[in-house]
Amino acid sequence: MMVAIDGTIVAVANPSIQAHLGASLADIQWVTNGYLLALAVTLITIGKIGDRFGHKKVFLTGIVGFGATSAAIGLSGSIANSITMIIAFRILQGVFGAMLQPTALALIRETFPAQKLNGAIGIWGGVIGASSAAGPIVGGLLVQHLNWESCFYVNVPVGLIALAVGLFVLRETPPSPAARSFDIPGIGLLTAFLFLMVWGLIKAPDYGWTSAHTFAFFAAAIVALIAFIVRESKAKEPLLPLRLFRSVPLSAGTVLVLTLMFAMFGAMFFMTFFMENVHGLDPVATGVRLLPMTGMLIVGAPLSGVLITKTGPRVPMVAGMLMSAVALFGLSRIGLDSSLNDTILWFALLGLGLSPVMVGATEVIVGNAAVELAGVAGGLQSTAMQVGGTIGTAVLGAVMSAKVNSLLPARWAAARLPALDASQLAAVKSATTVGVAPVRNGMSPQVAAAITDVTHQTFISGMTASFLVASLVAIGGALVALLTKKGNAPAEVHAVVH
């Protein structure tokens, strides 16, 4: 519950964090991306550590660490007022979150007999779904009635309860002799590739897309990726066996998970700034308007499971990605004069469209893996989810920044607003990328209104471009879904118990 709720609760808290600390778009992106990246690059490794030393030890360590880093994030805002410390502790929180995700299923497997296992996994999945949906509402209530720091403090009492119960209730898993080797070079190269790629995407608007700095980061990312592929092809115990990707359906399923999370995190990231900073909604009202998407994911998932069982994953996933593309295109049409109720239909359609992809892609990835690699395939699926969310916020943030950089100076001049020097223009651009109008006390009402109109219209232009890019990515996902097929039963059964 803690890990799932933290993935969505921060979306509503982001505008308050930004306003409290005066953070830039890049800073706020790292509040989300630092957490997701840390999860992504450590999931597979920590799963192996649990296999080697026992999942109960890892799980309880994760609970303590997750609670402690959550408290540290809150204190970093309330006492230190440091966005850098918040990002650092969010990265640590992601590492401890990775200790909870893969180990939970292993502990459930150890605790329940085969005839009760599916029911237990169903409860586990239901808690994750309900927590993800509740995140925006809980976050809104906490931000509005307490402060944004309470979104993180709430993990402390939950963690203490989980620790107390876990110490006495959980059974330790036996160590696995197959998990004695750790691919440290592989872990390092994968981490370097993901960090360099995301850093390049987030910083490119500041550096300039054609600057030497931008090229250097992307070139270094490509080198790290190539080195990772070479390493994995030669390692005796690779972090990610490359023979997994000999299966075209499995590779397609992995790409689909990336596009799924790209769309979901990208949509939530900008719509919270639009609703709170542009339209002036309070955090609770923002959370309520995000609920149609997460709510339809919960409603749509079991329906999608029934449909995929009958027809196979290909048709539902193609239809789902096309529905998502339509929903993202609809969100791109939202403007300053639009009713916020217009977002309800598009968010509901997006959640319904993503449901068959969330259900079907998991089956495609794990079901098309060799039986002995089903556990690794499960880790690949979880990793792809975190990487997709990271890439979504990074790419769409870059689109927003590029649009603001290109449009704001001309619009500012056309409105005959006071001329800005380089540092002032940079500050106005930074505020515009998160939908904030940089109006100061003492400005005349006419100037304040003109600044608000220019910055909000420019933000809307960036948001429109971002959603159009996300819509095109979803259409690409629909084409990729044509390459999928139902997995093999033995691998699926093996995956369930992993």
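**View 1. Helix α10 passes helix α16 in a left-handed crossing.** The model shown here and in the views below is predicted. Helix α10 covers residues 248-278, and helix α16 covers residues 445-481. The two pack at an angle of about 160°, and their axes are 10 Å apart. Because angles over 145 degrees count as roughly antiparallel, α10 is described as roughly antiparallel to α16. Sorted by class, the residues in the contact of α10 with α16 are 18 nonpolar and six polar, with no charged residues.

**View 2. Helices α11 and α13 cross in a right-handed sense.** Helix α11 is made up of residues 283-311, and helix α13 of residues 342-367. Their axes come within 6 Å and cross at roughly 40°. The contact of α11 with α13 has 16 nonpolar residues, seven polar ones and two charged ones.

**View 3. Trp148 and Phe152 form an aromatic pair.** A search of the whole structure finds one such pair. A pair of aromatic rings is described by the distance of the centres and the angle of the planes. For Trp148 and Phe152, the ring centres are 6.2 Å apart and the planes stand at 90°. Planes over 60 degrees apart count as edge-to-face, so the pair of Trp148 and Phe152 is edge-to-face. Trp148 has a relative accessibility of 4% and counts as buried. Phe152 is buried too, with a relative accessible area of 0%.

**View 4. Arg90 lies over the face of Tyr35.** The distance from Arg90 to the ring centre of Tyr35 is 4.2 Å.

**View 5. Val404 of helix α14 and Lys429.** Helix α14 spans residues 374-414, and Val404 is found in it. The relative accessible area of Val404 is 0%, so Val404 is buried. Val404 and Lys429 are 25 residues apart in sequence, and their C-alpha atoms are 6.5 Å apart in space.

**View 6. Lys403 of helix α14 and Ile460.** Lys403 lies in helix α14. Is Lys403 buried or partly exposed? At 32% relative accessibility, Lys403 counts as partly exposed, because that class lies between under 20% for buried and over 50% for exposed. Lys403 and Ile460 are 57 residues apart along the chain, and 9.8 Å separates their C-alpha atoms.

How values were computed
Residues are numbered from 1 along each chain as its sequence is written. This is a predicted model: local features need pLDDT of at least 70, side-chain atom pairs count only at pLDDT 80 or more; totals for chains, interfaces and linings use all residues. Side-chain values use heavy atoms; hydrogens and water are left out. Axes are lines fitted to C-alpha atoms, for helices over the stretch in contact, and angles run from 0 to 180 degrees between N-to-C directions. Helices (H or I, at least four residues) and strands (E, at least two) are DSSP runs, numbered from the N terminus. Angles under 35 degrees count as roughly parallel, over 145 as roughly antiparallel, 65 to 115 as roughly perpendicular and the rest as oblique. A crossing is left-handed if the near helix is turned anticlockwise from the far one by less than a right angle, and right-handed if clockwise. Ala, Val, Leu, Ile, Met, Phe, Trp, Tyr, Cys and Pro count as nonpolar, Asp, Glu, Lys and Arg as charged, and the others, Gly among them, as polar. Rings of Phe, Tyr and Trp (its six-membered ring) pair if their centres lie within 6.5 Å; planes under 30 degrees apart count as stacked, over 60 as edge-to-face and the rest as tilted. Buried means under 20% relative accessible area, exposed over 50%, partly exposed in between (1.4 Å probe, protein chains only). A charge sits over a ring if NZ of Lys or CZ of Arg is within 6 Å of the ring centre and within 35 degrees of the ring normal.
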